[in-house]
Amino acid sequence: MTRTPSAPQPLRVAIIGAGPAGIYAGNILGTAVRATGGEVGIDLFDTLPAPYGLIRYGVAPDHPRIKGIVTSLHEMLDAGTIRFLGNVGYGTDLCLADLRRHYHAVIFATGAIRDADLPIPGITLPGSYGAADFVSWFDGHPDVPRDWPLDATDIAVIGNGNVALDVARMLAKPPADLLSTDIPANVHAGLAGSPVTDVHVFGRRGPGQVKFTPIELRELGDIPDVDVIVYEEDFPRDADSEARLVASSNQVKVMSRTLNGWLTREATGASRRLHLHFLHSPVEVYGTDRVEGMRFERTTPTGDGGVHGTGQILDYPLQAVYRAVGYRGSALPDVPFDDARGVITSDEGRVIDENGMPLPGLYTTGWIKRGPVGLIGHTKGDALETITHLVEDLALLPEPADPAQDAILRLLGERGIRYTTWPGWLALDAHERALGDADLSEVTRERVKVVPRDEQVLIATEVALVSS
Ligand SMILES: Cc1cc2nc3c(=O)[nH]c(=O)nc-3n(C[C@H](O)[C@H](O)[C@H](O)COP(=O)(O)OP(=O)(O)OC[C@H]3O[C@@H](n4cnc5c(N)ncnc54)[C@H](O)[C@@H]3O)c2cc1C
């Protein structure tokens with residue numbers, strides 16, 4: 001049986017993942033269905049007790065401007081048309097059959113949290129880390145260990161995107177400069193004890209081909225007590241291809257100006273240095289029992305945006321390596337997955353089977369649909385594409401056996417799942433802000449994050465119970 005927009009039962013939609021993609025999708029869907037005169041009940045699930053995905057657990061703590069996007073996402077969730085149900089994992093607490101039973105449609109917006117592989121010898125040696133794990137640690141993700149080994153003086157960060165810059169900046173920045181952020185106390189203490197003196201960021205391509213954004217690059221030059229160092233030999237002499245690259249976009253032009261400025265800037269004798277190396281292709285991480293250094297092959301531009309190896313080998317003695325070569329989405333049970341790309345297989349957000357046929361009622365959006373590239377703002381257009389197709393399909397959606405609004409809450413209760421709610425998040429949010437106010441250090445702290453999952457759930461569920 002299928003439905004029409006004027007069907008007596010309101011449309012019921014489950015969204016899995018309360019990151020920006022899931023929230024934008026819920027908001028756009030609510031508006032679109034109401035515009036047709038229909039009603040919709042949207043449940044937004046997340047495996048974490050708190051909403052906002054990588055905004056809370058990916059964006060660097062010293063980028064509060066970006067976290068300001070949370071204000072508009074907060075308003076969308078506060079409007080009351082989307083019901084947030086946190087601490088509920090798809091594939092652990094709920095399966096596809098459960099969702100099919102209670103909803104007309106399911107939208108998967110599970111993002112990406114794992115590091116992409118860098119398949120070179122030695123990459124698994126102790127002292128070699130994935131950027132995603134380090135990011136989860138400094139952002140206080142509840143499911144990663146609270147200790148991080150910061151014992152290296154010389155560190156390599158592999159990658160030429162913004163995540164590499166976040167990692168390098170967090171490693172090099174004087175910890176006192178992070179005190180005003182929401183970092184948990186153990187992260188501040190860990191960074192304060194770090195003996196690091198030199199952080200080296202390595203990219204395979206030339207300075208005109210970096211994937212940084214200008215603001216994030218320029219920001220490196222403003223870190224107190226850190227000298228940014230670039231090397232003349234990493235800037236290609238091939239003036240023609242360089243000029244073509246620089247002319248290709250405004251962003252490249254701006255970054256080229258920043259990098260060239262650093263070429264001529266005198267070092268100040270700062271206590272830490274952040275080196276940017278280009279045209280270095282990773283060959284291996286070397287060391288007997290742990291990381292002792294990293295070997296690269298010098299590359300040279302091919303003139304068409306690519307590079308090729310020159311055979312020249314360059315060794316850097318180091319004690320730690322962080323690979324920031326991209327994130328990767330994870331497969332979900334009973335949902336078709338493209339292993340090569342790390343995304344749910346879809347046609348513009350309609351989940352498709354191995355024959356390319358849409359699976360009725362299943363949709364996807366955000367990084368798990370498109371791959372882990374692009375800024376938070378990009379997830380909005382992406383959600384619009386997916387929801388446009390869902391609305392086109394309204395008459396084709398399969399009718400669930402038990403669409404009652406509270407049926408899913410009963411199921412979660414029967415399974416003993418301590419789910420968090422929007423009022424619960426408001427309580428946890430207020431608690432974290434109060435911790436920020438209570439902090440007696442000399443700086444103003446907007447919030448201090450609560451890290452352990454149990455503690456988050458306790459605060460969110462206790463206060464929610466008291467207030468209900
Ligand atoms: C280190 C880092 C820094 C970044 N910095 C910036 C920045 O400064 N500015 C910017 O614009 N963009 C930044 N981005 C990009 C931005 O974070 C992404 O564009 C955006 O978060 C993608 O949104 P999403 O909703 O698809 O995924 P996510 O934000 O990852 O949200 C997915 C949600 O799904 C949940 N989930 C996953 N699996 C399940 C499951 N099985 N069951 C239930 N829930 C599940 C997750 O817990 C998560 O909450 C950064 C990304 C990273 C990795």
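**View 1. Gly303 sits in the hairpin of E12 and E13.** In this hairpin, 5 residues lie between the strands, and Gly303 takes a positive phi near 95 degrees. The model is predicted: local features need pLDDT of at least 70, side-chain atom pairs count only at pLDDT 80 or more, and totals for chains, interfaces and linings use all residues. Residues are numbered from 1 along each chain as its sequence is written, and side-chain values use heavy atoms, leaving out hydrogens and water. Strands (E, at least two residues) and helices (H or I, at least four) are DSSP runs, numbered from the N terminus. Strand E12 covers residues 293–301 and pairs with E13 in the antiparallel sense over 8 bridges. Two strands pair if DSSP finds at least two bridges between them. Met294 stands opposite Tyr316 in E13. Thr299 has Gly309 in E13 as its bridge partner.

**View 2. Gly287 sits in the hairpin of E11 and E12.** Here 6 residues lie between the strands, and Gly287 has a positive phi near 155 degrees. E11 and E12 run antiparallel and are joined by 6 bridges. Glu284 has Arg295 in E12 as its bridge partner.

**View 3. Three strands make an open antiparallel sheet.** The order is E11-E12-E13. Strand E11 (280–286) and strand E13 (307–317) stand at the edges with a single partner strand each, so one side of each has no neighbour in the sheet. From one strand to the next, the twist averages 20 degrees. Axes are lines fitted to C-alpha atoms, for helices over the stretch in contact, and angles run from 0 to 180 degrees between N-to-C directions.

**View 4. Six strands make an open sheet with parallel pairing.** The strand order is E6-E14-E7-E8-E10-E9. E6 and strand E9 (226–230) are the edges; each has a single partner strand, so one side of each is left without a neighbour in the sheet. The twist averages 20 degrees from one strand to the next. E6 and E14 pair in the parallel sense over 3 bridges.

**View 5. Tyr129 stands opposite Tyr322 in E14.** Aromatic rings of Phe, Tyr and Trp (its six-membered ring) pair if their centres lie within 6.5 Å; planes under 30 degrees apart count as stacked, over 60 as edge-to-face and the rest as tilted. The count comes to 16 aromatic pairs. The ring centres of Tyr129 and Tyr322 are 5.1 Å apart and their planes are at 50 degrees, so the pair is tilted. Tyr129 lies in strand E6 (residues 128–130) and Tyr322 in strand E14 (residues 320–323), so the pair ties together parts 193 residues apart in sequence.
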